[in-house]
Amino acid sequence: MQVTLRKITKTPLDFEIKSNEIAFKGYLEYHAGKLILLKADINGSVDTQCSTCGEDFDLKVKEKIEFFISDGLYDGDNIDIDVVESFNSAVDLDELLISEIELIKSDYHSCESCK
Ligand SMILES: [Zn+2]
């Protein structure tokens, strides 16, 4: 799902994406300047490998994400929230979800029997 950044207004734009066992649900809202706020929950489970024994297992995921998307290069002040720059004036929510899942998988995880 591609969203054109300039179409996002102060009225939150809700979205919900499902990918396999994962639900990605949240909204996009215009903040100020070039910045658009993205707030979402990631819920579900992902297949990953135990960092201890190497067995595949289902990892339960419950994450809240929040960051700004900048329409173009961000040259403003440092802010508390991460800023992700978009250079095609759009945000691809499916791609974003895939990269968040990869990020979660890259963390250290142990299966039930290794905990
Ligand atoms: Zn294990």
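The legends below describe close-up views of one predicted protein model.

Residues are numbered from 1 along each chain as its sequence is written. Because the model is predicted, local features need pLDDT of at least 70 and side-chain atom pairs count only at pLDDT 80 or more, while totals for chains, interfaces and linings use all residues.

**View 1. The whole protein chain.** The protein chain has one helix and seven strands; these are DSSP runs, with helices being H or I of at least four residues and strands being E of at least two, numbered from the N terminus. Along the sequence the pattern reads β-β-β-β-β-β-β-α. Taken along the principal axes, the C-alpha atoms fill a box of roughly 50 × 30 × 20 Å. The protein chain has 115 residues, of which 13% count as buried. A residue is buried if 20 or more other C-beta atoms lie within 10 Å of its own, exposed if 12 or fewer, and partly exposed in between, with C-beta atoms placed from the backbone. Of the contacts with a separation of 6 or more, 47% join residues 24 or more positions apart; two residues are in contact if their C-beta atoms, placed from the backbone, lie within 7 Å.

**View 2. The five-stranded sheet.** An open sheet of five strands has the order β2-β3-β4-β5-β6, with mixed pairing. Its edge strands are β2 (13-19) and β6, each of which pairs on one side only. Neighbouring strands of this sheet are turned by 30 degrees against each other on average, direction ignored; the axes are lines fitted to C-alpha atoms, for helices over the stretch in contact, and angles run from 0 to 180 degrees between N-to-C directions. Two strands count as paired if DSSP finds at least two bridges between them. Strands of a sheet pair through backbone hydrogen bonds, either parallel or antiparallel.

**View 3. The hairpin of β2 and β3.** β2 and β3 are antiparallel and pair over seven bridges. Asp-14 stands opposite Tyr-27 in β3. Two residues lie between the strands of this hairpin, and Asn-20 in the turn has a positive phi of about 50 degrees. Asn-20 counts as exposed because it has 10 C-beta neighbours inside 10 Å.

View 4. Strand β3 (residues 22-32) runs antiparallel to β4 and is joined to it by 10 bridges. Among the bridge partners in β4 are Ala-40 for Gly-26 and Ile-42 for Phe-24. The hairpin has two residues between its strands, and Gly-33 takes a positive phi near 55 degrees.

**View 5. The hairpin of β4 and β5, at Gln-49.** Strand β4 (residues 35-49) and strand β5 (residues 56-71) pair in the antiparallel sense over 15 bridges. Six residues lie between these strands, and Gly-54 in the hairpin takes a positive phi near 80 degrees. Gln-49, in strand β4, has Asp-56 in β5 as its bridge partner. Leaving aside neighbours within four places in sequence, Gln-49 is in contact with Gly-54 and Asp-56. Gln-49 is partly exposed because 14 other C-beta atoms lie within 10 Å. Leu-59 is 10 residues from Gln-49 along the chain, and their C-alpha atoms are separated by 8.8 Å.

**View 6. The largest nonpolar core.** This core has 12 residues in all, including Ile-8, Phe-24, Leu-38, Ile-42, Ile-69, Val-91 and Ile-101. A nonpolar core is a set of buried Ala, Val, Leu, Ile, Met, Phe, Trp, Tyr and Cys residues joined through C-beta atoms within 7 Å. At least two residues of this core come from each of β3, β4, β5 and α1 (93-105). β4 gives the most, with four residues. Leaving aside its neighbours within four places in sequence, Ile-69 is in contact with Leu-5, Ile-36, Leu-38, Val-84, Ser-86 and Val-91.

**View 7. The loop between β6 and β7.** Ser-89 lies in the loop between β6 and β7 (90-92). Most residues other than glycine have a negative phi. Ser-89 has a positive phi of about 60 degrees although it is not a glycine. Ser-89 is exposed because 11 other C-beta atoms lie within 10 Å.
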